[in-house]
Amino acid sequence: MAKKRIGILTSGGDCPGLNATIRGVAKACFETFGNDKVQIIGIQNGYYGLINNIAREMDSSEFSGILTRGGTILGTKRQPFKMISNIGEDNVDKVKQMKNTYKDLKLDCLLTLGGNGTHKTANLLSMEGLNVIGLPKTIDNDIYGTEVTFGFHTAVDIATDVIDRLHTTAASHSRILMVEIMGNKAGWLTLFAGIAGGADAIIIPEIPYDEDKICEAMQKRAENGHSFSIVAVAEGAYSKEEAKLKKKERARLRQEAGITTMTSSIAAKIQRETGIETRVCVPGHMLRGGSPSAYDRILATQFGVRAAQLISDGRYGYSVAMVNGKISQNPLEEVAGKTKFVDPEGNYVVTAKDIGISFGD
Ligand code: F6P
(Lines give C-alpha, C1' and ligand atoms only; values in the text may rest on other atoms or scores of the structure.)
Protein backbone atom coordinates (compact mmCIF):
# COMPACT_ATOMS: atom_id res chain seq x y z
CA MET A 1 0.00 0.00 0.00
CA ALA A 2 1.26 3.47 -0.89
CA LYS A 3 2.29 5.65 2.00
CA LYS A 4 -0.27 8.18 3.21
CA ARG A 5 1.10 11.58 2.32
CA ILE A 6 0.23 14.28 4.83
CA GLY A 7 1.16 17.88 4.10
CA ILE A 8 1.57 20.25 7.03
CA LEU A 9 2.09 23.99 7.21
CA THR A 10 2.14 26.74 9.83
CA SER A 11 0.76 30.10 8.77
CA GLY A 12 0.29 33.61 10.20
CA GLY A 13 1.94 34.88 13.37
CA ASP A 14 3.94 32.25 15.22
CA CYS A 15 3.24 31.21 18.80
CA PRO A 16 4.47 28.71 21.36
CA GLY A 17 2.99 25.27 20.76
CA LEU A 18 3.30 25.09 16.96
CA ASN A 19 6.15 22.58 17.16
CA ALA A 20 4.39 20.65 19.92
CA THR A 21 1.37 20.35 17.62
CA ILE A 22 3.47 19.30 14.61
CA ARG A 23 5.06 16.66 16.85
CA GLY A 24 1.67 15.54 18.21
CA VAL A 25 0.23 15.11 14.71
CA ALA A 26 3.31 13.25 13.44
CA LYS A 27 3.63 10.90 16.39
CA ALA A 28 -0.09 10.12 16.37
CA CYS A 29 0.04 9.44 12.61
CA PHE A 30 3.03 7.11 13.04
CA GLU A 31 1.11 5.27 15.78
CA THR A 32 -2.14 5.13 13.79
CA PHE A 33 -0.82 4.17 10.36
CA GLY A 34 2.59 2.67 11.16
CA ASN A 35 5.96 4.39 10.75
CA ASP A 36 6.51 3.10 7.23
CA LYS A 37 2.95 3.82 6.05
CA VAL A 38 2.99 7.55 6.40
CA GLN A 39 5.06 10.36 4.97
CA ILE A 40 4.81 13.84 6.44
CA ILE A 41 5.57 16.60 3.97
CA GLY A 42 6.61 19.88 5.57
CA ILE A 43 5.53 22.93 3.59
CA GLN A 44 7.81 25.89 4.23
CA ASN A 45 6.59 29.34 5.37
CA GLY A 46 2.84 28.69 5.34
CA TYR A 47 0.71 29.20 2.26
CA TYR A 48 3.67 30.90 0.58
CA GLY A 49 5.32 27.49 0.42
CA LEU A 50 2.12 25.92 -0.87
CA ILE A 51 1.77 28.56 -3.57
CA ASN A 52 5.41 28.22 -4.64
CA ASN A 53 5.87 24.50 -4.02
CA ILE A 54 8.53 24.81 -1.34
CA ALA A 55 8.22 21.58 0.60
CA ARG A 56 10.21 18.59 1.75
CA GLU A 57 9.61 15.04 2.89
CA MET A 58 10.36 15.05 6.60
CA ASP A 59 12.32 12.44 8.45
CA SER A 60 10.66 10.98 11.54
CA SER A 61 13.65 12.13 13.62
CA GLU A 62 12.63 15.75 12.93
CA PHE A 63 9.65 15.33 15.22
CA SER A 64 11.73 14.46 18.26
CA GLY A 65 13.05 17.08 20.64
CA ILE A 66 10.67 19.80 19.44
CA LEU A 67 7.97 19.58 22.12
CA THR A 68 9.54 22.40 24.10
CA ARG A 69 10.82 24.48 21.21
CA GLY A 70 9.20 27.85 20.51
CA GLY A 71 8.42 29.17 17.03
CA THR A 72 7.90 26.75 14.18
CA ILE A 73 10.39 24.45 12.53
CA LEU A 74 8.45 24.91 9.27
CA GLY A 75 8.71 28.70 9.22
CA THR A 76 5.69 30.91 8.78
CA LYS A 77 4.53 33.91 6.80
CA ARG A 78 1.53 36.20 6.76
CA GLN A 79 -0.44 35.74 3.54
CA PRO A 80 -3.61 37.85 3.81
CA PHE A 81 -6.67 36.00 2.57
CA LYS A 82 -7.54 38.80 0.12
CA MET A 83 -4.13 38.50 -1.53
CA ILE A 84 -4.54 34.76 -1.83
CA SER A 85 -8.13 34.59 -3.03
CA ASN A 86 -7.87 37.44 -5.61
CA ILE A 87 -5.68 37.55 -8.63
CA GLY A 88 -3.67 40.71 -8.07
CA GLU A 89 -1.20 42.79 -10.06
CA ASP A 90 1.21 39.86 -10.21
CA ASN A 91 -1.42 38.04 -12.26
CA VAL A 92 -0.82 34.84 -10.31
CA ASP A 93 -3.76 32.56 -9.57
CA LYS A 94 -2.56 31.51 -6.14
CA VAL A 95 -5.48 29.19 -5.45
CA LYS A 96 -4.71 27.31 -8.65
CA GLN A 97 -1.03 27.15 -7.72
CA MET A 98 -1.83 25.79 -4.26
CA LYS A 99 -4.03 23.12 -5.81
CA ASN A 100 -1.24 22.26 -8.24
CA THR A 101 1.30 21.94 -5.42
CA TYR A 102 -1.10 19.69 -3.51
CA LYS A 103 -1.37 17.52 -6.61
CA ASP A 104 2.37 17.60 -7.40
CA LEU A 105 3.23 16.56 -3.87
CA LYS A 106 0.61 13.79 -4.18
CA LEU A 107 -0.91 14.78 -0.88
CA ASP A 108 -3.74 12.81 0.67
CA CYS A 109 -4.49 15.71 2.96
CA LEU A 110 -3.24 19.06 4.20
CA LEU A 111 -3.01 20.21 7.82
CA THR A 112 -3.01 23.97 8.35
CA LEU A 113 -1.90 25.29 11.73
CA GLY A 114 -2.95 28.89 12.12
CA GLY A 115 -5.35 31.59 13.21
CA ASN A 116 -8.35 33.29 11.64
CA GLY A 117 -6.73 34.18 8.30
CA THR A 118 -5.28 30.70 7.98
CA HIS A 119 -8.71 29.19 8.58
CA LYS A 120 -10.28 31.32 5.86
CA THR A 121 -7.79 30.02 3.31
CA ALA A 122 -8.13 26.48 4.68
CA ASN A 123 -11.88 26.68 4.12
CA LEU A 124 -11.38 28.03 0.61
CA LEU A 125 -9.07 25.13 -0.24
CA SER A 126 -11.51 22.70 1.32
CA MET A 127 -14.32 24.11 -0.85
CA GLU A 128 -12.00 23.72 -3.82
CA GLY A 129 -12.00 19.99 -3.09
CA LEU A 130 -8.76 19.51 -1.11
CA ASN A 131 -8.74 17.40 2.04
CA VAL A 132 -7.98 20.00 4.69
CA ILE A 133 -7.90 19.95 8.48
CA GLY A 134 -7.26 23.13 10.48
CA LEU A 135 -5.62 23.33 13.89
CA PRO A 136 -6.40 26.45 15.93
CA LYS A 137 -3.32 28.45 16.89
CA THR A 138 -3.10 31.97 18.26
CA ILE A 139 -2.10 33.85 21.36
CA ASP A 140 -5.24 35.93 20.75
CA ASN A 141 -7.61 32.99 21.51
CA ASP A 142 -10.10 34.47 19.06
CA ILE A 143 -10.89 31.54 16.77
CA TYR A 144 -14.60 30.93 16.58
CA GLY A 145 -16.01 27.66 17.88
CA THR A 146 -13.13 26.59 20.10
CA GLU A 147 -12.91 27.48 23.77
CA VAL A 148 -9.15 27.69 23.54
CA THR A 149 -6.35 27.87 20.99
CA PHE A 150 -2.83 26.63 21.54
CA GLY A 151 -0.37 29.41 22.32
CA PHE A 152 -2.89 31.38 24.31
CA HIS A 153 -2.12 30.09 27.79
CA THR A 154 1.62 30.41 27.32
CA ALA A 155 1.11 34.04 26.31
CA VAL A 156 -1.15 34.54 29.34
CA ASP A 157 1.67 33.21 31.54
CA ILE A 158 4.23 35.52 29.91
CA ALA A 159 1.95 38.59 30.08
CA THR A 160 1.12 37.79 33.72
CA ASP A 161 4.82 37.61 34.51
CA VAL A 162 5.28 41.01 32.85
CA ILE A 163 2.51 42.47 35.03
CA ASP A 164 4.04 40.87 38.15
CA ARG A 165 7.34 42.53 37.34
CA LEU A 166 5.69 45.86 36.62
CA HIS A 167 4.05 45.73 40.06
CA THR A 168 7.35 45.87 41.89
CA THR A 169 8.77 48.72 39.85
CA ALA A 170 5.45 50.62 39.90
CA ALA A 171 5.34 50.26 43.70
CA SER A 172 8.96 51.38 44.12
CA HIS A 173 8.41 54.55 42.09
CA SER A 174 4.78 55.19 43.07
CA ARG A 175 3.88 55.22 39.38
CA ILE A 176 1.12 54.04 37.14
CA LEU A 177 2.44 51.38 34.79
CA MET A 178 0.50 50.62 31.63
CA VAL A 179 1.18 47.43 29.77
CA GLU A 180 0.08 47.11 26.15
CA ILE A 181 -0.74 43.52 25.34
CA MET A 182 -1.19 41.95 21.87
CA GLY A 183 -4.72 41.38 20.67
CA ASN A 184 -5.80 43.46 17.76
CA LYS A 185 -9.44 42.45 17.59
CA ALA A 186 -10.11 40.52 20.78
CA GLY A 187 -9.11 41.22 24.36
CA TRP A 188 -8.80 37.67 25.72
CA LEU A 189 -5.09 37.84 26.42
CA THR A 190 -5.32 41.22 28.15
CA LEU A 191 -8.36 40.12 30.15
CA PHE A 192 -6.80 36.87 31.37
CA ALA A 193 -3.37 38.35 32.11
CA GLY A 194 -5.01 41.39 33.68
CA ILE A 195 -7.02 39.25 36.10
CA ALA A 196 -4.12 36.86 36.78
CA GLY A 197 -1.65 39.71 37.27
CA GLY A 198 -3.95 41.78 39.45
CA ALA A 199 -4.27 44.77 37.12
CA ASP A 200 -6.36 47.67 38.41
CA ALA A 201 -7.82 48.49 35.02
CA ILE A 202 -8.27 46.31 31.94
CA ILE A 203 -8.98 47.97 28.61
CA ILE A 204 -10.12 45.72 25.75
CA PRO A 205 -11.62 46.27 22.27
CA GLU A 206 -14.91 44.64 23.26
CA ILE A 207 -15.53 47.37 25.87
CA PRO A 208 -14.76 50.79 24.35
CA TYR A 209 -13.25 53.03 27.01
CA ASP A 210 -13.83 56.51 28.29
CA GLU A 211 -10.50 58.13 29.21
CA ASP A 212 -12.13 60.10 32.02
CA LYS A 213 -13.40 56.85 33.58
CA ILE A 214 -9.89 55.37 33.52
CA CYS A 215 -8.51 58.53 35.14
CA GLU A 216 -11.27 58.41 37.79
CA ALA A 217 -10.35 54.80 38.61
CA MET A 218 -6.67 55.77 39.00
CA GLN A 219 -7.57 58.79 41.13
CA LYS A 220 -9.81 56.68 43.34
CA ARG A 221 -7.01 54.19 43.93
CA ALA A 222 -4.66 57.01 44.89
CA GLU A 223 -7.27 58.44 47.26
CA ASN A 224 -7.66 55.01 48.82
CA GLY A 225 -3.99 55.07 49.70
CA HIS A 226 -2.53 53.03 46.83
CA SER A 227 0.70 54.59 45.69
CA PHE A 228 0.73 52.83 42.32
CA SER A 229 -1.59 51.24 39.75
CA ILE A 230 -1.35 48.84 36.84
CA VAL A 231 -3.40 49.19 33.65
CA ALA A 232 -3.50 46.37 31.08
CA VAL A 233 -4.46 47.63 27.61
CA ALA A 234 -5.12 45.48 24.56
CA GLU A 235 -3.37 46.88 21.49
CA GLY A 236 -6.69 46.93 19.64
CA ALA A 237 -8.55 48.94 22.32
CA TYR A 238 -10.49 51.99 21.20
CA SER A 239 -12.45 54.76 22.87
CA LYS A 240 -16.20 55.28 23.01
CA GLU A 241 -15.83 58.14 20.48
CA GLU A 242 -13.86 55.89 18.11
CA ALA A 243 -16.50 53.19 18.54
CA LYS A 244 -18.95 55.47 16.73
CA LEU A 245 -16.71 55.46 13.64
CA LYS A 246 -16.35 52.83 10.92
CA LYS A 247 -13.17 50.76 11.24
CA LYS A 248 -11.62 52.35 8.15
CA GLU A 249 -12.35 55.85 9.37
CA ARG A 250 -10.83 55.01 12.75
CA ALA A 251 -7.69 53.70 11.07
CA ARG A 252 -7.46 56.80 8.85
CA LEU A 253 -7.73 59.20 11.78
CA ARG A 254 -5.10 57.29 13.72
CA GLN A 255 -2.80 57.30 10.73
CA GLU A 256 -3.20 61.04 10.40
CA ALA A 257 -2.35 61.41 14.07
CA GLY A 258 0.67 59.12 13.59
CA ILE A 259 -0.50 56.53 16.10
CA THR A 260 -1.33 52.85 15.82
CA THR A 261 -2.42 52.12 19.39
CA MET A 262 -3.95 54.32 22.05
CA THR A 263 -1.89 53.26 25.09
CA SER A 264 0.52 56.20 25.06
CA SER A 265 -2.20 58.78 24.65
CA ILE A 266 -4.21 57.25 27.51
CA ALA A 267 -1.02 57.31 29.60
CA ALA A 268 -0.44 61.00 28.81
CA LYS A 269 -4.02 61.83 29.76
CA ILE A 270 -3.78 59.90 33.05
CA GLN A 271 -0.56 61.69 33.96
CA ARG A 272 -2.08 65.07 33.10
CA GLU A 273 -5.29 64.46 35.01
CA THR A 274 -3.96 62.68 38.11
CA GLY A 275 -0.48 64.13 38.36
CA ILE A 276 0.86 60.62 38.87
CA GLU A 277 3.89 59.66 36.79
CA THR A 278 2.72 57.17 34.18
CA ARG A 279 4.88 54.88 32.05
CA VAL A 280 4.11 52.47 29.21
CA CYS A 281 5.58 49.01 28.68
CA VAL A 282 5.04 47.09 25.41
CA PRO A 283 6.21 43.46 25.63
CA GLY A 284 5.10 42.93 22.01
CA HIS A 285 6.48 39.84 20.29
CA MET A 286 7.98 38.56 23.53
CA LEU A 287 4.45 37.31 24.21
CA ARG A 288 4.82 34.94 21.24
CA GLY A 289 8.34 33.75 22.00
CA GLY A 290 9.91 30.87 23.85
CA SER A 291 8.81 27.49 25.08
CA PRO A 292 5.13 26.51 25.38
CA SER A 293 3.67 26.10 28.87
CA ALA A 294 2.75 22.65 30.19
CA TYR A 295 -0.91 23.43 29.43
CA ASP A 296 -0.14 24.28 25.81
CA ARG A 297 2.07 21.22 25.36
CA ILE A 298 -0.81 19.02 26.47
CA LEU A 299 -3.39 20.90 24.38
CA ALA A 300 -1.14 20.83 21.30
CA THR A 301 -0.66 17.09 21.73
CA GLN A 302 -4.39 16.49 22.15
CA PHE A 303 -5.19 18.59 19.07
CA GLY A 304 -2.51 16.72 17.10
CA VAL A 305 -3.97 13.38 18.11
CA ARG A 306 -7.46 14.48 17.06
CA ALA A 307 -6.15 15.59 13.66
CA ALA A 308 -4.62 12.14 13.17
CA GLN A 309 -7.95 10.52 14.12
CA LEU A 310 -9.78 12.66 11.57
CA ILE A 311 -7.28 11.63 8.88
CA SER A 312 -7.71 8.00 9.85
CA ASP A 313 -11.50 8.36 9.61
CA GLY A 314 -11.20 10.20 6.28
CA ARG A 315 -13.05 13.18 7.76
CA TYR A 316 -11.90 16.43 6.22
CA GLY A 317 -13.07 20.04 6.12
CA TYR A 318 -12.84 20.45 9.90
CA SER A 319 -10.98 22.56 12.41
CA VAL A 320 -9.94 20.78 15.58
CA ALA A 321 -11.45 22.44 18.64
CA MET A 322 -12.14 22.37 22.35
CA VAL A 323 -15.90 22.31 22.84
CA ASN A 324 -17.44 22.07 26.32
CA GLY A 325 -14.07 21.03 27.68
CA LYS A 326 -13.70 18.14 25.22
CA ILE A 327 -11.47 17.78 22.18
CA SER A 328 -13.72 17.95 19.16
CA GLN A 329 -13.93 19.59 15.72
CA ASN A 330 -16.03 22.16 13.89
CA PRO A 331 -16.72 22.36 10.16
CA LEU A 332 -14.23 24.80 8.60
CA GLU A 333 -17.08 26.67 6.92
CA GLU A 334 -18.60 27.42 10.35
CA VAL A 335 -15.30 28.77 11.67
CA ALA A 336 -13.92 30.71 8.71
CA GLY A 337 -14.42 34.45 8.67
CA LYS A 338 -15.71 34.68 12.25
CA THR A 339 -14.04 35.99 15.39
CA LYS A 340 -14.61 34.86 18.97
CA PHE A 341 -14.90 37.99 21.08
CA VAL A 342 -14.92 38.49 24.83
CA ASP A 343 -18.50 38.80 26.07
CA PRO A 344 -18.67 42.14 27.93
CA GLU A 345 -21.40 40.62 30.13
CA GLY A 346 -19.65 37.27 30.48
CA ASN A 347 -18.22 35.48 33.46
CA TYR A 348 -14.63 36.75 33.23
CA VAL A 349 -15.53 40.41 32.88
CA VAL A 350 -18.12 40.11 35.67
CA THR A 351 -15.57 38.44 37.96
CA ALA A 352 -13.07 41.22 37.28
CA LYS A 353 -15.66 43.93 37.89
CA ASP A 354 -16.75 42.19 41.08
CA ILE A 355 -13.30 42.73 42.56
CA GLY A 356 -13.24 46.36 41.48
CA ILE A 357 -11.21 46.18 38.28
CA SER A 358 -12.14 49.10 36.03
CA PHE A 359 -12.81 48.57 32.32
CA GLY A 360 -12.95 52.30 31.71
CA ASP A 361 -16.62 52.02 30.71
O1 F6P B 1 -2.43 37.43 15.40
C2 F6P B 1 -1.69 37.39 16.56
C3 F6P B 1 -1.00 38.65 16.87
O4 F6P B 1 -0.24 38.32 17.98
C5 F6P B 1 -1.85 39.90 17.15
O6 F6P B 1 -2.28 39.98 18.47
C7 F6P B 1 -0.93 41.02 16.77
O8 F6P B 1 -1.63 42.16 16.41
C9 F6P B 1 -0.24 40.45 15.61
O10 F6P B 1 -0.14 39.06 15.83
C11 F6P B 1 1.11 41.05 15.30
O12 F6P B 1 1.77 40.25 14.41
P13 F6P B 1 3.04 40.59 13.53
O14 F6P B 1 3.57 41.90 13.99
O15 F6P B 1 3.97 39.47 13.81
O16 F6P B 1 2.58 40.57 12.13
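These legends go with a few close-up views of a predicted model and its ligand.

View 1. The protein splits into domain 1 (4–150 + 292–335) and domain 2 (155–288), with bounds from an automatic or database domain assignment. Their centres, taken over C-alpha atoms, are 34 Å apart. Across the divide, 10 residues of domain 1 are in contact with 9 residues of domain 2, contact being heavy atoms within 4.5 Å. Both domains give residues to the shell around the ligand, so the ligand lies between them.

**View 2. The shell around the ligand.** Arg 78, Ile 139, Asp 140, Met 182, Gly 183, Asn 184, Glu 235, His 285 and Arg 288 surround the ligand, each with a heavy atom within 4 Å of it. By class, that's 2 nonpolar, 3 polar and 4 charged residues, with Gly counted as polar.

View 3. A polar side-chain atom of His 285 sits 2.9 Å from a ligand oxygen. Gly 183 uses a polar backbone atom, 3.1 Å from an oxygen of the ligand, while a side-chain N or O atom of Asn 184 is 3.5 Å from a ligand oxygen. On its own the ligand has 400 Å² of accessible area, and the protein covers 72% of that (Shrake-Rupley method, 1.4 Å probe).

**Notes.** Residues are numbered from 1 along each chain as its sequence is written. Local features need pLDDT of at least 70, side-chain atom pairs count only at pLDDT 80 or more, and totals for chains, interfaces and linings use all residues, while side-chain values use heavy atoms, leaving out hydrogens and water.

Conventions: Polar contact = N/O pair within 3.5 Å; in protein donor to acceptor, adjacent residues only side chain to side chain.
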